[in-house]
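Me: Could you walk me through how to read a few features of a protein model? I would like the general idea each time, then the case at hand.

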Amino acid sequence: MQLNRLPHSELRVSALGLGTMTFGEQNSTAEAFAQMDRAHGAGINLLDAAEMYPVPPRPETQGATETIIGDYLRQRGNRHQWVVATKVAAPGGPCDYLRPDMALDRRNLFAACDASLSRLGIECIDLYQVHWPHRRTNFFGQLGYEASEKESMTPILETLSALDDLVRAGKIRHIGLSNETPWGAMQYLHLADKHDLPRAVSIQNPYNLLNRSFEVGLAEIAQREPLPLLAYSPMAFGVLSGKYAGGTRPEGARLTRFERFKRYAGPAADAAVEDFLALANRFGLSPAQLALAFVRTRPFCASTLIGATTLAQLEQNLASVDLAWNDELEQALQALGDTHRYPCP
């Protein structure tokens, strides 16, 4: 498994990272342990979590994912072999129940970080990410941005200053962004340089064959600054595996169980997936492995975050690192992108 260094840090992350948002909801503790064992055996060293996990977020299960990871690290005694990443939630998302008067200010950041450290059972978080912005902007597939003079927001400089305090306190090593816009990313980088504050070392945004919006503005930032991508949803909620093709809803699958996941649904997505599946069949390749390999081979991507509910799915995902990339595959998928331009932003 290739390891990629995150610039402006000493962190080296595996080309595939293990997403954990199913731990505590779709996956039991035993199943989560089995996934982490298998991922570790395959050379994965990046565990990505969030204080709001598992998903779908509910007050009754909030924090269960980090607790499971903490139990695993303690029982296996291999904390030093992992890059542990987690995220702090902002207001305006699906979990405003986390804390009273939520914001990305010092009080909220310290409360969130201390709670994550306690659940994870570790002394320091390797990569602490701001899960989404606290300002009026577009994320989670929103369109139609409109500025507002009256909006709830935490100034980015205030957030950065609080994150600096967490670094100085030894609670976190590095900071990262998530679901951030080009403007927001450049503000974080500019203010860090101007005020000698922690520099973001990664950005975790959605990126897959149905949603290549990262390429419009953020890919250039990712390479020129650099601020490499930790790509989430590389399989578009599993849609690119083909298991939901033709309206199929396998028992126990995410889109079968949870109606809220509709980001990669609709006529435009269905048409793109149908053509992608035909392309994979033409090359004699697994659709899942081809979709993951496409993301992994982008020059701005440091790690592709895979998620699974079964070990069989995880094995399929792990095998994507063995798929040899070539010009023919590249040209075929770029042509597919020209035909289906951003069906699911």
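Reply: Let's start with pairing: two strands pair if DSSP finds at least two bridges between them. Strands (E, at least two residues) and helices (H or I, at least four) are DSSP runs, numbered from the N terminus. This is a predicted model, where local features need pLDDT of at least 70 and side-chain atom pairs count only at pLDDT 80 or more, while totals for chains, interfaces and linings use all residues. Residues are numbered from 1 along each chain as its sequence is written, and side-chain values use heavy atoms, with hydrogens and water left out.

Me: How many bridges join strand β6 to β7?

Reply: There are 5, and β6 (residues 125-130) runs parallel to β7.

Me: How does the chain get from β6 to β7?

Reply: A crossover is called right-handed if, with the strands pointing away from the viewer, the path from the first strand over the helix to the second runs clockwise. Here the chain leaves β6, passes through helix α4 (residues 156-168) and reaches β7, in a right-handed β-α-β crossover.

Me: Which strand does β7 pair with over 3 bridges?

Reply: That is β8 (residues 200-204), again in the parallel sense. Leu 177 stands opposite Ile 203 in β8. Together with helix α5 (residues 182-195), β7 and β8 make a right-handed β-α-β unit.

Me: Why is β7 described as largely enclosed by the rest of the structure?

Reply: Buried means under 20% relative accessible area, exposed over 50%, and partly exposed in between, using a 1.4 Å probe and protein chains only. In β7 (residues 172-178), 6 of the 7 residues are buried, so the strand is largely enclosed. Across the protein, 55% of the 345 residues count as buried.

Me: What does Asn 78 touch, leaving aside residues up to four places away in sequence?

Reply: Contact means heavy atoms within 4.5 Å. By that rule, Asn 78 touches His 40, Tyr 72 and Leu 73.
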